[in-house]
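This report describes one protein chain for a reader who has its sequence and structure at hand. It begins with a term and then turns to the chain itself.

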Amino acid sequence: MLWRKILRKRWVLGVVFCLSLIYFLTSTFKQEERVLRDRTLLELRDRDRPIMWRVKFNLGNSSRPSNQCRNSVQGKLLITDDMGYVCERKELLANGCCNINVPSSQLHSCKSCLPNGCCSVYEYCVSCCLQPNKQLLLERFLNRVAVAFKNLFLAVEDHFELCLAKCRTSSQSVQHENTYRDPLAKYCYGENPPELLPI
């Protein structure tokens, strides 16, 4: 009687183990297939396609020809639209553009930015990055971008998307994976990471 109980327990454990092993192997195989498919799709994309640069900005009133704007969305107090204007969230028009008829809206503002291209406010980083004269700096960055960041910047299609992605904090903004290199200027559009401040 005791032997039967022991054999049953071992048999059940064996079945559970075999089913777990089969599940693990099929999950791993499916994951590998997905990774291979994604890698193949990335390789098929045109890696050398040019970024769309917006060099000539329309400085007209809020009834712009493109009456819709993309914007930086997440700002609690400030928003940057794809024309390069920074405004208070309450000044954002229904079409997603900053209301440029109010004094607080500023075009290509580098208000919180240092000479190295690092800023303390994300929205000012994006606005400053959108200046037409930053194109050469951004092109140099794209040409030298490390393999680790290539996938991030492959999805970028124009100047605005590049500035949104570049200004987000990344592993370049931190040291030891848990503290900012410069906690006061952690959003950078420049070529180099923030300067490492002494502890």
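## A term to start with

The axis of a helix is a line fitted to its C-alpha atoms, over the stretch in contact, and the angle between two helices runs from 0 to 180 degrees between their N-to-C directions. The model shown here is predicted.

## The chain as a whole

The protein chain contains five helices and seven strands. Read from the N terminus, the order of these elements is α-β-β-β-β-α-α-α-α-β-β-β.

Of the 199 residues in the protein chain, 36% are buried. The chain exposes about 13,400 Å², and 60% of this area comes from carbon and sulfur atoms. Among contacts with a separation of 6 or more, 51% join residues 24 or more positions apart.

## Helix H5

Helix H5 covers residues 159–167 and is mostly covered, with eight of its nine residues buried. The buried residues are His159, Phe160, Leu162, Cys163, Leu164, Ala165, Lys166 and Cys167.

What caps the N-terminal end of H5? Asp158 does this: one of its side-chain oxygens lies 3.3 Å from the backbone nitrogen of Phe160.

## Two helices packed against H5

H2 packs with H5 at an angle of about 140°, and the two axes are 9 Å apart. Because of this angle, H2 counts as oblique to H5. Angles over 145 degrees would count as roughly antiparallel. The crossing of H2 and H5 is right-handed. On the H2 side, Tyr122, Cys125, Val126 and Cys129 take part; they meet His159, Phe160, Cys163, Leu164 and Cys167 in H5. An α-helix has 3.6 residues a turn, so residues three or four places apart point the same way.

H3 packs with H5 at an angle of about 70°, with the axes 12 Å apart. This angle makes H3 roughly perpendicular to H5, since the range for that term is 65 to 115 degrees. The crossing of H3 and H5 is left-handed. Here Leu138, Phe141 and Leu142 of H3 meet His159, Leu162, Cys163 and Lys166 of H5.

## Gln131, between H2 and H3

Gln131 sits in the loop that joins helix H2 (122–129) to helix H3 (135–144). Is Gln131 buried or exposed? Its relative accessible area is 15%, so Gln131 is buried, the cut-off being under 20%.

The side chain of Gln131 makes a polar contact, at 2.5 Å, with the side chain of Lys134. Apart from neighbours within four places in sequence, Gln131 is in contact with His108, Cys110 and His159. His159 is also one of the buried residues of H5.

## Two residues in one loop

Cys97 is found in the loop between strand S2 (85–88) and strand S3 (106–107), and Ala94 lies in the loop between S2 and S3 as well. Cys97 is buried, because its relative accessible area is 1%. Ala94 has a relative accessible area of 91% and is therefore exposed; exposed means over 50%.

Each of these residues can also be placed against another part of the chain. The C-alpha atoms of Cys97 and Gly84 are separated by 9.8 Å, and these residues are 13 residues apart along the chain. For Ala94 and Gln68, 26 residues apart along the chain, the C-alpha separation is 8.7 Å.

Note on methods
Residues numbered from 1 in each chain as written. Predicted model: local features only at pLDDT ≥ 70, side-chain atom pairs only at ≥ 80, totals over all residues. Heavy atoms only, no water. Helix = DSSP H or I, 4+ residues; strand = E, 2+ residues; numbered from the N terminus. Buried < 20%, exposed > 50% of the residue type's maximum accessible area, 1.4 Å probe, protein only. Polar contact = N/O pair within 3.5 Å; in protein donor to acceptor, adjacent residues only side chain to side chain. Contact = heavy atoms within 4.5 Å. Areas by Shrake-Rupley, 256 points an atom, 1.4 Å probe, with all protein chains shown as cover. Parallel < 35°, antiparallel > 145°, perpendicular 65-115°, else oblique. Left-handed = near helix turned anticlockwise from the far one by under 90°.
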